[in-house]
Amino acid sequence: MAGKDILFETEIKLLQELRLIHAIAETGHQINVRRSEKFKVEPLEKKFNISIGTGTEGVFPIANLVKIDHKTPKVSIGNITQTLIFPRSITDYCKSLWKAERTDKFVFSGWMSRKRKKELEHWIREKWGIQRSIHSHKEYLPKIKNHFRLLFGLPEIQIIFNNELKILPSGKGRKFPDKAWDEEYYQNLANSKFVLCPCGNSVWTYRFFEAILCGAIPVVEKTCEAYNGFTYFAFDDPIEELKWDQKIADENFKLCLERITVEPEELNRELEKIVYSNY
């Protein structure tokens, strides 16, 4: 590529952007970000031994050539379009976390919005007969409590029922730099047989794909086009009928790789075409 580096010149706001930057870093090209954005990628550099620079001189900007449809979702760069674009190092790492014995049956881990709080409380009440309130991260009192939890290194409020049901609210994945990589989150998914996937701002959720990468089977509030072809369960299904199966986990993982990864060689060729066609 005539020695030219690549620059993602805009503010990094979406996880899709971060995962794409990481994937480009795996192609062998030097991907740079604005100096003000560097802190957002540092956890990935440390965890996966990649290098993301901050130089802006003599580099080719690509952010305006990246198209992200968060609602669907779709991520495109040049002629490559995938549901999402994850780097291989993350998918490989998630696969390495798989265990012969999964200690937890049903788990929710992550950001607890008011909508998710309501849906999970309903599911817990209907399926488990547990009348239990879950705090959302937008409620004022938990914010104060969370301040002291973070200050003293204490965990957030959790619901654990007979080691079969775990609700583990966490705000780590909501803001950078923790948004780049939350080790505890992926460990929670890898310990689970089933991961509860209530809707977020859209029907689909990253958690669906991340659960599959970690070998768990998603249990969804609603279905959508992005989930077509995968094997998963629904909140309405009787929990006694949900069985974790190695074959399902393997087939879901294989399909997930097809939907959310691009071979570094293919991405490399597309990047070269993009740069050459614009010079």
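Is Phe208 buried or exposed? Select Phe208 and see: its relative accessibility is 0%, so Phe208 counts as buried. Buried here means under 20% relative accessible area, exposed means over 50%, and partly exposed is in between (1.4 Å probe, protein chains only).

**Before you go on**

This is a predicted model, in which local features need pLDDT of at least 70, side-chain atom pairs count only at pLDDT 80 or more, and totals for chains, interfaces and linings use all residues. Residues are numbered from 1 along each chain as its sequence is written, and side-chain values use heavy atoms, with hydrogens and water left out.

**The whole chain**

Show the cartoon. The protein chain has nine helices and 13 strands. Both are DSSP runs, numbered from the N terminus: helices are H or I with at least four residues, strands are E with at least two. Of the 279 residues in the protein chain, 53% are buried. Take the contacts between residues at least 6 apart in sequence: 67% of them join residues at least 24 apart. Contact means heavy atoms within 4.5 Å.

**Stop 1: aromatic pairs**

Colour Phe, Tyr and Trp. The whole structure holds 22 aromatic pairs. Rings of Phe, Tyr and Trp (its six-membered ring) pair if their centres lie within 6.5 Å; planes under 30 degrees apart count as stacked, over 60 as edge-to-face and the rest as tilted.

Select Trp98 and Phe253. Their ring centres are 5.5 Å apart and their planes stand at 85 degrees, so this pair is edge-to-face. Trp98 sits in the loop between helix H3 (88-96) and strand E8 (104-110), while Phe253 belongs to helix H8 (residues 246-260). The two are 155 residues apart, so the pair links distant parts of the chain. Trp98 and Phe253 are both buried.

Phe208 is in helix H7 (residues 206-213), and Tyr232 is in the loop between strand E12 (217-220) and strand E13 (233-234), so the pair ties together parts 24 residues apart in sequence. Tyr232 has 23% relative accessibility, so it counts as partly exposed.

Now select Phe106, Trp123, Trp128, Phe161, Phe194, Phe233 and Phe235. Together they form one aromatic cluster.

**Stop 2: a lysine over two rings**

Lys95 lies over the face of Trp98, 4.1 Å from the ring centre. Lys95 also lies over the face of Phe253, at 5.7 Å from the ring centre. A charge sits over a ring if NZ of Lys or CZ of Arg is within 6 Å of the ring centre and within 35 degrees of the ring normal.

**Stop 3: helices that cross**

Show H7 with H8. They pack at an angle of about 125 degrees, with axes 9 Å apart. Axes are lines fitted to C-alpha atoms, for helices over the stretch in contact, and angles run from 0 to 180 degrees between N-to-C directions. From H7, Phe209, Ile212 and Leu213 meet Asn252, Phe253, Cys256, Leu257 and Ile260 of H8.

The axes of H6 and H7 come within 8 Å and cross at roughly 65 degrees. Tyr185, Tyr186 and Leu189 of H6 make the contact with Arg207, Glu210 and Ala211 of H7. Within H6, the buried residues are Tyr185, Tyr186, Asn188, Leu189 and Ala190. The partners of these buried residues include helix H1 (15-25), H3, E8 and H7.

**Stop 4: helix H9**

Select Glu270 in helix H9 (residues 264-277). Glu270 is buried, with a relative accessible area of 8%. Leaving out residues up to four places away in sequence, Glu270 touches Ile77, Gly78, Asn79 and Ile80.

Move to Leu271, also in helix H9. Leu271 is buried at 2% relative accessible area. Leu271 and His29 are 242 residues apart in sequence, and 9.0 Å apart in space, C-alpha to C-alpha.

**Stop 5**

Most residues other than glycine have a negative phi, and most peptide bonds are trans. Select Thr72 and Pro73: a cis peptide bond joins them, with omega about -5 degrees. Pro73 is in the loop between strand E5 (66-69) and strand E6 (74-77). Next, select Phe176 and Pro177, where the peptide bond is cis with omega near 5 degrees.

Finish at Asn49. Its phi is positive, about 55 degrees, although Asn49 is not a glycine. Asn49 is exposed, with a relative accessible area of 71%.
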